[in-house]
Amino acid sequence: MLIEEIFKRSEWYEASSTNIKTNISQDWDYGHFREKTSDIQARRFKIVNHNSIVAVFQTFEKKIKFLPLIKIVYLNRGPLVLDDSVCFTIILKLISKKFSVLNGCFFIINPFKSLRNNIISDLKKSNFLGLKPNIYETSYIDLKESDELLRSNLHSKWRNQLVKAEKNNIIIDFDKSGKHVDFILKSYAEMVQNKQFLALGFNELRVLLEIYVKYKKVIFLIAYDENQNIIGFTVILTYFNSSVYFIGWSNSQGRKLNVSNLLLWNSIVYLKSLNFKEFDLGGYDSKNLPGVASFKKRIGGNEELYTERWIKLF
């Protein structure tokens with residue numbers, strides 16, 4: 001097997017189009033966003049076996065200021081495996097060899113393989129070391145299921161809140177043009193300041209939304225009350241056949257009316273109508289943000305756990 005670099009956006013999407021299970025960190029345009037807002041370089045690769053692409057991955061590279069011959073290579077939520085018949089440890093060893101210390105790299109990976117699929121064993125067999133390993137949690141909604149089944153999967157309390165919201169004369173506007181971006185940026189900045197959580201900076205979010213609006217890969221769901229006041233919104237990013245919940249906001253009136261339930265349910269139904277296959281709920285932290293975690297878990301998706309922060313030194 002060989003690793004070959006991909007230099008064209010069109011080639012990346014063509015090579016990745018057969019992969020159903022993917023994530024936002026492995027999207028070309030997300031890499032472009034990282035390049036525009038930091039000193040990180042995004043690079044894309046394919047792994048070829050007998051003229052067939054078996055995996056693709058995007059790395060984020062950064063030079064170390066006082067060690068010019070060494071660079072940090074970060075592979076987040078990858079590789080994306082296209083051929084399940086290929087041993088994952090072989091792929092890991094191939095990638096880590098390319099980005100070894102001997103090649104001037106300090107390689108860090110958050111592999112895109114869940115804990116239930118023995119990823120820890122794969123990492124140790126490939127001589128990776130845990131750098132204070134962390135667990136990333138998220139849930140996926142299978143958009144190939146019927147509306148009826150998806151609604152029945154909702155936790156009873158979550159579904160009751162949705163039913164109440166549906167009776168509140170709330171209007172949902174589905175927008176792809178970005179006409180509400182200024183309001184979203186302002187609300188987001190206030191939310192970050194008030195809740196004091198680590199998040200994208202104002203300029204970072206602006207650049208990211210500009211890129212995804214340009215390529216028509218973002219969906220804004222804006223909720224209005226009966227007096228045409230905005231009481232909540234949800235921002236969804238799309239890539240390949242998948243989508244991810246990116247930002248959500250509601251004011252005090254919106255929270256009283258359970259607008260977040262209504263926005264998320266309408267997101268699911270709308271994404272289904274556009275033939276997306278999967279909806280990633282965007283991760284959650286059961287330990288530090290149990291309220292958010294509980295809200296997302298009660299939507300009834302398929303929960304997955306991923307390990308993070310593994311390094312290869314030799």
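The accessible surface of the protein amounts to about 15800 Å², and 51% of that area belongs to carbon and sulfur atoms; such areas come from the Shrake-Rupley method with a 1.4 Å probe, and for residues only the protein chains shown count as cover. The model is predicted, so local features need pLDDT of at least 70 and side-chain atom pairs count only at pLDDT 80 or more, whereas totals for chains, interfaces and linings use all residues. Residues are numbered from 1 along each chain as its sequence is written, and side-chain values use heavy atoms, with hydrogens and water left out.

The protein contains 11 helices and 13 strands. Here helices (H or I, at least four residues) and strands (E, at least two) are DSSP runs, numbered from the N terminus. The radius of gyration is 20 Å, close to the 20 Å that the globule rule gives for 314 residues, so the protein is as compact as a globular protein of that length. This radius is taken over C-alpha atoms, and the globule rule is 2.2 Å times the number of residues to the power 0.38. Along its principal axes, the C-alpha trace spans about 65 × 40 × 40 Å.

Of the 314 residues, 49% are buried; the term denotes under 20% relative accessible area, with exposed meaning over 50% and partly exposed in between (1.4 Å probe, protein chains only). Among contacts between residues at least 6 apart in sequence, 70% join residues at least 24 apart, a contact being heavy atoms within 4.5 Å.

The structure holds 15 aromatic pairs. Rings of Phe, Tyr and Trp (its six-membered ring) pair if their centres lie within 6.5 Å; planes under 30 degrees apart count as stacked, over 60 as edge-to-face and the rest as tilted. One of these pairs is formed by Y136 and Y306, which is tilted, with 6.5 Å centre to centre and 40 degrees between the planes. Because Y136 lies in strand β7 (residues 129-142) and Y306 in strand β13 (residues 302-312), the pair ties together parts that are 170 residues apart in sequence. Y136 is partly exposed at 22% relative accessibility, while Y306 is buried at 3%.

Another pair, F183 and W249, is edge-to-face, with 5.5 Å centre to centre and 80 degrees between the planes. This pair also links distant parts of the chain, since F183 is in helix α7 (residues 181-195) and W249 in strand β11 (residues 242-250), 66 residues apart. F183 counts as partly exposed at 31% relative accessibility, and W249 as buried at 15%.

R77 lies over the face of Y136, at 4.2 Å from the ring centre, and the charged end of K312 sits over the ring of F128, 5.4 Å from its centre. A charge sits over a ring if NZ of Lys or CZ of Arg is within 6 Å of the ring centre and within 35 degrees of the ring normal.

Strand β7 also holds E137, which is buried with a relative accessible area of 15%. Leaving aside residues up to four places away in sequence, E137 touches G283, Y284, D285, S286, K297, E304 and L305. With S286, the side chain of E137 makes a polar contact of 2.7 Å, that is, a pair of N or O atoms within 3.5 Å; within protein, one must be able to donate a hydrogen and the other to accept it, and residues adjacent in sequence count only if both atoms are side-chain atoms.

R43, in strand β2 (residues 41-49), is likewise buried, at 16% relative accessibility. Its side chain joins that of E5 through a polar contact of 2.7 Å. In helix α10 (residues 259-273), N261 is buried at 3% relative accessibility.

Some backbone details remain. Most residues other than glycine have a negative phi, and most peptide bonds are trans. A cis peptide bond, with omega about 0 degrees, joins G78 and P79; P79 lies in the loop between β4 (67-78) and β5 (80-81). N118, not a glycine, has a positive phi of about 60 degrees. N118 lies in the loop between β6 (105-111) and α4 (119-125) and is exposed at 53% relative accessibility. N169 has a positive phi near 55 degrees; this residue is found in the loop between α6 (156-166) and β8 (171-175) and is exposed, with a relative accessible area of 52%.
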